[in-house]
Amino acid sequence: MAGFVGVAAAAAGFALSAVSHPYPWSVWLPVQCVGLSFVAAGVVGWARQPENGSGRLMAAVGITWYVGDLQLSTNQALFAVGFCLFYVPAAVFAHMILALPTGRLAGRADCAVVGALYLAVSLPQVPRYVSESPVEPQIWGSMDNMSMWAPVGSVSGGVLTLAAFGLVVRRWWTAGRAARRMLAALWSTGIVGGGIALVWIGATLAHVSPGTQRALLFLFAVALVFTPFAILTGLLRVRLARLQVANLVLQVEAAAEPRRLRDALAETLGDPTLQVWFRLPDGGYADPDGRVREEVPIDGHASTAVDCRGERLAVLVHDPALRDQGSLVEAVVATARLALENARLLAAQRAQLEEVRASRGRIVAAADEERHRIQRDLHDGAQHKLLAISLLIGRARNELPVTTTTATTFRHLGTAAVQLQDVIRELRQLIEGIDPPALTEQGLMAIVETLAERAPIPVEYDVPPQRWPVSVERAAYFVINEGLTNIYKHAGASRAVVRVESTADSLVLSVIDDGTGEADVDRGSGLSGLQDRVSAVGGTLVIDSRPGAGTCLRAELPCGS
């Protein structure tokens, strides 16, 4: 019933304005087109998305736009209605902008500002009508005969318009990238409309001439004519996003790989920040790269659970703005559910592989730590004791009187001293091979320099004087040491080259010789063990060894955390 009354009042106002046109046709035409454009866009939006209240609010702006023209009637009652409701379209417009994109006010601040604005544009008009007893339309003119209620309404309306303006700006500032891209046209028109309204209020309070008011009204009307279509474009863009779900059907058929599926979902939902966490059979969640978490990290985003036959498949972590597009998210989830189920199996397998790799890394780290302990125990224990024994033998030999009866004992002690020095030297070499102290204390450059000095053939090296994580340096040392050892034993090379380069997130090393080539991991030579060690720290090992062309051993070791 209320809607019918409003439409009737708007039709009457439009008819009265068409007959009387209280301003030039060049101004009257764009002013009247404003209401028509809002009604037309509102009807289209309402028909396309009946569950969205934005179309109804646009139509309400267009209808109330003509109610103020009832002032042109000679009937006193219609004149009073038009006078008292002249500024209501401004409140309805603010209501519409703050309710975008769902057509519903989202928070208490929005409701408070809109409610106060309705009161501010209508209540002061009633005592103003009673005190002024106007007989001319309130379109423009001098404020000399106006009561105090005119500036009260203008100022309060202006303050509340500024508040609505601030709410739109805050919503833009706090929105994510997906929301900004989707609602840019909607919010931009709201900001422009609010700015125009403020200029109009300022011009009224500044007592500008009727000619200036007509010029401002013309600009105001021209800007507002295109506003509803910009808003409708933004609303239909959301609807068009749902049509992309059809394209998603084709994409998910080839997107069983978790990363590609995530990219396809992100593109369809228009959210580049989208994350997909797959539920693992043993509990916890894994991302497309195999990283495992006990709980899904939300971090200020929204989440949507994906279930199938009562079982949790995955959780989508997305921009909070997509909460207002529940039907779109549901359509995407329904379309991708089977692909998500397949991708979950791959993600679980990748998580297991990641755990195996991490386990291998822990085993290597534990083995290195045990080697370090053995090296320390041999160095601090057995080696020191052997040195002490060597000193005691030397002292006993020096203190033994040289006689015919002691000659044999003296000779045996000398032999024992020599053999003991050999044992100490071999033990020292063993200790350095287990865990070279120079590597721990001085870094990779120092140990490569030592290896080059002890090499039986010329070894050129280029190693930057920097440090890397301990696990990376140890792996690099073993690759270089084993590579040089293989060159000495099997390559028949005349020279070797060791190069180490540092990139942003990895250490890259090469061991090159000019030998016979034909090195093969499958034939042993310690290369298979190197491949296991490099893989354990997440690296890669490549061997290029053609017959007669020498061998290039290249390893890339990640240095990230």
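**Close-up 1. Strand β5 is a mostly covered strand of this predicted model.** Spanning residues 311–318, β5 has 8 residues, and 6 of them are buried. Strand β5 pairs with β1 in the antiparallel sense through 4 bridges. Within that pairing, Trp277 has Val315 of β5 as its bridge partner. Strand β4 also pairs with β5, again antiparallel, and here 7 bridges join the two.

**Close-up 2. The hairpin of β4 and β5 leaves 2 residues between its strands.** Look for Arg309 here: this residue takes a positive phi near 55°. Which residue forms a salt bridge with Asp307? The partner is Arg312, and the closest N and O atoms of the two are 2.4 Å apart. Asp307 is partly exposed because its relative accessibility is 34%. Arg312 is partly exposed as well, with a relative accessible area of 32%.

**Close-up 3. Five strands come together in an open antiparallel sheet.** In what order do the 5 strands of this sheet lie? Reading across, the order is β3-β2-β1-β5-β4, with antiparallel pairing. The edges are taken by β3 (292–293) and β4 (302–308), each of which pairs on one side only. Strands of a sheet pair through backbone hydrogen bonds, and they may do so parallel or antiparallel. Further into the view, β1 (residues 275–279) and β2 (residues 285–286) run antiparallel and are joined by 2 bridges. Phe278 finds its bridge partner in Ala286 of β2.

**Close-up 4. Arg279 lies over the face of Tyr285.** The distance from Arg279 to the ring centre of Tyr285 is 4.9 Å. To place this view in the sheet, recall that β1 covers residues 275–279 and β2 covers residues 285–286.

**Close-up 5. Phe79 and Phe83 form a stacked aromatic pair.** The structure holds 4 aromatic pairs. In the one formed by Phe79 and Phe83, the centres are 6.3 Å apart and the planes make an angle of 20°. How many residues apart are Phe79 and Phe83 in helix α4? They are 4 residues apart in that helix (residues 76–84), so about one helical turn separates them. Phe79 counts as buried because its relative accessibility is 4%. Phe83 is buried too, at 2% relative accessibility.

**Close-up 6. Phe86 and Tyr87 make an edge-to-face pair.** Their ring centres are 5.1 Å apart and the planes stand at 85°, which is why the pair counts as edge-to-face.

**Close-up 7. Four residues form a nonpolar patch on the surface.** The members are Phe218, Leu219, Val222 and Phe226, and together they have about 380 Å² of accessible area. You can find Phe218 in helix α10, which runs over residues 210–253. The relative accessible area of Phe218 is 34%, so this residue is partly exposed.

**Close-up 8. Strands β9 and β10 form a hairpin with 5 residues between them.** Strand β9 (residues 540–545) and strand β10 (residues 551–558) run antiparallel, joined by 6 bridges. Which residue in the turn has a positive phi? Gly548 does, with a value of about 75°. Also in this view is a salt bridge between Arg546 and Asp544, whose closest N and O atoms are 3.7 Å apart. Arg546 is exposed because its relative accessible area is 52%, whereas Asp544 is partly exposed at 35%.

**Close-up 9. Arg262 forms a salt bridge with Asp263.** Side chains of opposite charge can pair when their charged atoms come close. In this case the closest N and O atoms of Arg262 and Asp263 are 2.8 Å apart. With 41% relative accessibility, Asp263 counts as partly exposed. The structure has 5 salt bridges by count, among them this pair.

Methods: Residues numbered from 1 in each chain as written. Predicted model: local features only at pLDDT ≥ 70, side-chain atom pairs only at ≥ 80, totals over all residues. Heavy atoms only, no water. Patch = residues over 30% accessible without salt bridge, like charges linked within 9 Å, V, L, I, M, F, W, Y side chains within 5 Å. Areas by Shrake-Rupley, 256 points an atom, 1.4 Å probe, with all protein chains shown as cover. Salt bridge = Lys/Arg side-chain N within 4 Å of Asp/Glu carboxyl O. Buried < 20%, exposed > 50% of the residue type's maximum accessible area, 1.4 Å probe, protein only. Pairing = 2+ DSSP bridges. Phe/Tyr/Trp six-rings, centres within 6.5 Å; stacked < 30°, edge-to-face > 60°. Lys NZ or Arg CZ within 6 Å of the ring centre and 35° of its normal.
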